[in-house]
Amino acid sequence: MIRMDEIIKFENVSWKYLERVNKTLNNINTSIRKGEFVVLAGPNDAGKTSLLMCMNGIIPNTLRGVMEGKVLIDGINTKDADFATLSKKVGYVFSDPESQFLTMTVEEEIAYSMENAGLPRSEIHDRIDWAMKMVDLPLEFLSKAPYELSGGQKQRVAIASVIAMRPPILVLDEPTGQIDPIGKAEVLDVISNIKRGYDMTVIIAEHRFDRLMKLADRVLLIEGGVITRDLPPKEFFENPRELISHGIYPPEFNLIEKYFMDKKLVDPPISLSLEEFLSKLDKALPRIKESDLPHQEERPSYEDASRRIIELKGIKFTYPDGTQALEEVNLSINRGEFLAIIGQNGSGKTTIAKLMAGILKPTEGKVVIDGVDVTHERIGKIASNVGYIFQNPDHQLFEQTINQEISYGPKNLGIDPGEIEKRVKTSMEITGIPPTYLEENPFILSKGWRQKVAIASILAMGPNVIIIDEPTTGQDFPQADVILQFLSGLNKNGHTIIVITHDMTFVARFCRRAIVVNRGKIVLDGTVKDVFNATEELEATNIKPNDTALIGKKLQRFGKFVSVNDIVGSG
Amino acid sequence: MAKKMMRTLLGYIPANSPMQKLHPITKIAFLLLVSAYPLLVNTPGLNALGLVAMLILLQVSNVELSILKQYRYLIVSLIAVVIVAYTFAGGYAPGYTILYRLGPVIISLQNEIFAVVTAMKLVFAVFVIIFFLSTIREREIVQGLRFLKLPYSVCLVAGLSFRAIGVSLIDFFTIQEAQKARAFDLSTLPIMEKIKQYGMYVVPVFAVALRRAEDVSLALDARGFVMFGRKTVKTNRTDYILSEYKIKALDIAIIAILIALLVLIVMGDYYFGWFRITGSLTSFLI
């Protein structure tokens, strides 16, 4: 057996940001050996990004704070090293692909670090070709602007630009956190290829582990700045339900397998991939009886089928750059529905939602809200009925205090001050914003709180319909769950909820209806169970349903299953 | 069928616009040379002609003229500020023709002429900038600067700044949409309220830009870029991508004409006083 040497070593490392009271990393002692693939798990704010930034010297050399202990990268103490040296050792991929692009074309982007390192032009040329091959992008893309690419392609360019330096270590900070499911799959395929073909040491922080379990040598759990577990994946995911209490959402197949394992229908050890589990399930199928699965309960519906709240009739929409975003969209939504609009990036789903909210006006066709044609109405008339929550809270906060922020919409609607005060109070209560925050500046709050202020600002306008764009992007499982439970509560109280999302697990858990948009057209519209079972149509639109829907296909003689709870029960 | 459009710093132009055929250095030369014209020309009539020329160029370049609507408040407020400043705070010199006395304030014909002259200069200059930003892409600016063999760090900072402008413009439009979602209808407001409202956009646009700037600075460090500082190593940076553009005869001809016009203005003004407000070849225009 080849002995793998230590390439990364943390010795008693603690880190405290200047502006924070507590340490973000607390006495970290660990080492990573050459060629290892390490997955870093943990809820948001646990210290994952800080731990990763210690590896390329951004901590302590750029970010302001106090560091104790030392980090050795291939024997070099990061505290004493310059970035030019460290960037040759550690390639770092950030979560948001756009924020790391520094140049104007894919070619310039990949060449950038190599230019900084002073490599000869011929070598830069060869390495660009190699990196493009490694991330499976055609050479024609070299002349494109990085920000014109899809989410998955952008992240692949980001990876190409760091691996072109041939660093022995590749660090990825939630590289799939901000991209659609197809993009996620593309990026994880690339990481897998790099691992196989180049034998880099890979450290990756992620919230979703489905495709990583098979690649990982070790999984580290970090909580409150401390590494609390360091186990091989088979042991780490042995008890998936218990992981949920640590803010980790294990792969769906892992939860389902454990359920069948407890019923002695499949044998241990746990599978490390969906494919592995499906083949085990194939063998177990003859033994599975209907009584092994929980009674199928339909998700409660609060829909009033007699009242149409939104109708889009013959809608076409063209953007100023000439892009025809929608072609002949017809859609009806009833009061009290909880529905998801799904589709790849650029499919037209956000355009549909903005048309419903009156933010965009159709090029052709009619928008009818609660029986009234509002196609040419001013936004004020629509906003009191349809609230739109943007993905980035920073785009929708304009005022100096939370009080002013939440009052902003009702003021524009001409509501009297006494009523506004009541609405501010109620919206803060619903969203869980403490009254002591009333005069705080929203910009100084954390992203989670800013998101809550943005939601409260829309709720204060009293809309019947709430449209929310990508509520779970960049959130860990506990945070996403809070938002989704909250939306579910609003639906229960009679609100119509429309969610634009890539998160199929969320759609399967909460939504009753799903609309699939592809190239400006609605291509599927039905219950989530029906839509997720229309495998061929989904494949044609490059949408992959969640793992449970694929597992459910094997169990279809017992019914239709799309969420984990459909199979394992809600206990 | 929809035309293929290309994003510029201020909007879009068709991919087949004649401006796409020009070398970035020609566009940069246009900005630098033509924006000097209104500085040197005082005759309002000539500056008005320059403004008309800009409109013709926008049309020829296939820029959607409706975009100019977006800048009407900027232009109106600019003219208003100039007129108010000259009218009420322009000062008085012996020989001025007094039009009206308002307590200690003297409103004179000369100050009103200066107001018109300055306003026309500024409006012409604004149109030159609108034309430039409406027809150039951020990467063309960087390519132009690199073509001039400016230090890499200067080109990088320029590129990042222009990219930040482009991204901030997208943020600005998203923030406008978010305000619409909060029942705020800009089109219903009187002009002064609209101008005030633009000030309100500054807070979120800057907040988002600052957060993004932090990300970019971390990305620069992570990619081994060192401009200065204690932890630096001497490495000769390779200039891998020099230029994908070639200077053509048309570019040389345009730059030569623009330089000739500038020389004509400087010489005409110096030797013959053609472009002064009074006693000039074009004084009849005022």
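Colleague: Which strand does strand E4 (residues 65-73) of chain A pair with over two bridges, and in which sense?

Modeller: Happy to walk through it; do keep in mind that this is a predicted model. Strand E4 of chain A pairs with E5(A), in the antiparallel sense. To find your place in that pair, look at Ile73(A), which stands opposite Ile76(A) in E5(A).

Colleague: What is the order of the strands in the open sheet of chain A?

Modeller: Four strands make up the sheet, ordered E2-E1-E4-E5, with antiparallel pairing. Strand E2 (25-33) and strand E5 (76-77) of chain A are the edges, each pairing on one side only.

Colleague: Which helix lies across E1, E2 and E4 of chain A?

Modeller: That is helix H1 (residues 48-55) of chain A, and it runs at about 125° to strand E1 (6-17).

Colleague: Which domains does the assignment give for chain B?

Modeller: Domain 1 covers 1-69 + 114-144 + 247-286, and domain 2 covers 151-231. The contact between them takes four residues from domain 1 of chain B and seven residues from domain 2 of chain B. On the domain 1 side, three are nonpolar, none polar and one charged. The C-alpha centres of these two domains of chain B are 26 Å apart.

Definitions and conventions. Residues are numbered from 1 along each chain as its sequence is written. Chains are lettered from A and ligands numbered from 1 in the order in which they are written. This is a predicted model: local features need pLDDT of at least 70, side-chain atom pairs count only at pLDDT 80 or more; totals for chains, interfaces and linings use all residues. Domain bounds come from an automatic or database domain assignment. Two residues are in contact if their C-beta atoms, placed from the backbone, lie within 7 Å. Ala, Val, Leu, Ile, Met, Phe, Trp, Tyr, Cys and Pro count as nonpolar, Asp, Glu, Lys and Arg as charged, and the others, Gly among them, as polar. Two strands pair if DSSP finds at least two bridges between them. Axes are lines fitted to C-alpha atoms, for helices over the stretch in contact, and angles run from 0 to 180 degrees between N-to-C directions.
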